[in-house]
Amino acid sequence: MFTGIVEEMGRINQLGYDKPDSFTMKIQAKLILEDINLGDSISVNGTCLTVDHYDKEKLEFSVGLAPETLRKTSLIELEQGSLVNLERALKPSSRMGGHFVQGHVDWTGEIVEFKPERDSLWVKVKTVKEILRYIVCKGYTAVDGTSLTVVDVFDEEDCFNFIKVVIKMCRCV
C-alpha cells in the first residue's frame, strides 16, 4: 500500500531482458535505498514492484517485470536515463498523506489536453468506458504513482480531468 506521494525521482540505469525470460529494471536512487530489503515493495511510476537486488554502494536497486506488468503499464516505454517516480510501501505506523494507492495498475490512459490556469495546470485524460465507470468526481486516481483528485468526468468523451498546482521551488535565504 502506498500514499501516492512521490518520495524521490529515480533514474533508469538499465531496462530490458538480462536473460531470455527475465525482464529487469535497474534504478538509481538514494532515499529509497536507506532502509531497503530484498522483497520490499516499491512503487515505480505507480506500479508496485518487488526489489530482487540492491547495491547501496552503486546507489541502485533492481526489480523484475512480469509479462502482464509490461502489458498493463507504460513501463515498457521507458528507456535508459528516464526518470521515474518512486515511493516505498507504507508502514502501519507511517503518517499518511495523499490517498491509499495499491500500485496494481488496471489501465493506462492518454493525456489529451493540458490547460494552464494561473499557477495550476488542468490535465484531461482519455480512457475506455470499462474503466471510466469507476472514475468519480472528487474521487482519486494515480498517474505515474502520483495520487490526484478527479475534478470532472466526461462520459461522452471517455475522459476525466484533474488539476495540478505547479509548485515553484525556491531557496529561502
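Glu157 is partly exposed in this predicted model, with a relative accessible area of 31%. Its side chain meets that of Lys124 in a salt bridge, with 2.8 Å from N to O. The pair ties together distant parts of the chain: Lys124 sits in strand E8 (residues 120-126), whereas Glu157 belongs to the loop between strand E10 (146-154) and strand E11 (159-165), 33 residues apart. Lys124 has a relative accessible area of 12% and is therefore buried, since buried means under 20%.

The loop between E10 and E11 also holds Asp158, the partner of Lys129 in helix H2 (residues 129-132), 29 residues apart. Here, too, the side chains form a salt bridge, with an N to O distance of 2.8 Å. Asp158 counts as buried, at 15% relative accessibility. Elsewhere, salt bridges with shared partners join Glu7, Asp35, Arg88 and Lys91 into one network.

A further salt bridge connects Glu68 and Arg71, whose closest N and O atoms are 3.0 Å apart. These residues lie three positions apart in helix H1 (residues 67-72), so about one helical turn separates them. Glu68 is partly exposed at 40% relative accessibility, while Arg71 is exposed at 61%. In total, a search of the whole structure finds seven salt bridges. As a general point, side chains of opposite charge can pair when their charged atoms come close.

Met1 comes from the segment before strand E1 (8-19) and, at 47% relative accessibility, counts as partly exposed.

Stepping back to the overall fold, the chain contains two helices and eleven strands. Read from the N terminus, its elements follow the order β-β-β-β-β-α-β-β-β-α-β-β-β. The radius of gyration is 17 Å, close to the 16 Å given by the globule rule for 173 residues, so the chain is as compact as a globular protein of that length. The C-alpha trace spans about 50 × 50 × 30 Å along its principal axes. Buried residues account for 36% of the 173 residues. Among contacts with a separation of 6 or more, 59% involve residues 24 or more positions apart.

Finally, the chain is divided into domain 1 (8-88) and domain 2 (110-165), and the C-alpha centres of domain 1 and domain 2 lie 26 Å apart.

Conventions. Residues numbered from 1 in each chain as written. Predicted model: local features only at pLDDT ≥ 70, side-chain atom pairs only at ≥ 80, totals over all residues. Heavy atoms only, no water. Helix = DSSP H or I, 4+ residues; strand = E, 2+ residues; numbered from the N terminus. Buried < 20%, exposed > 50% of the residue type's maximum accessible area, 1.4 Å probe, protein only. Rg over C-alpha atoms; globule rule 2.2 N^0.38 Å. Contact = heavy atoms within 4.5 Å. Domains from an automatic or database assignment. Salt bridge = Lys/Arg side-chain N within 4 Å of Asp/Glu carboxyl O.
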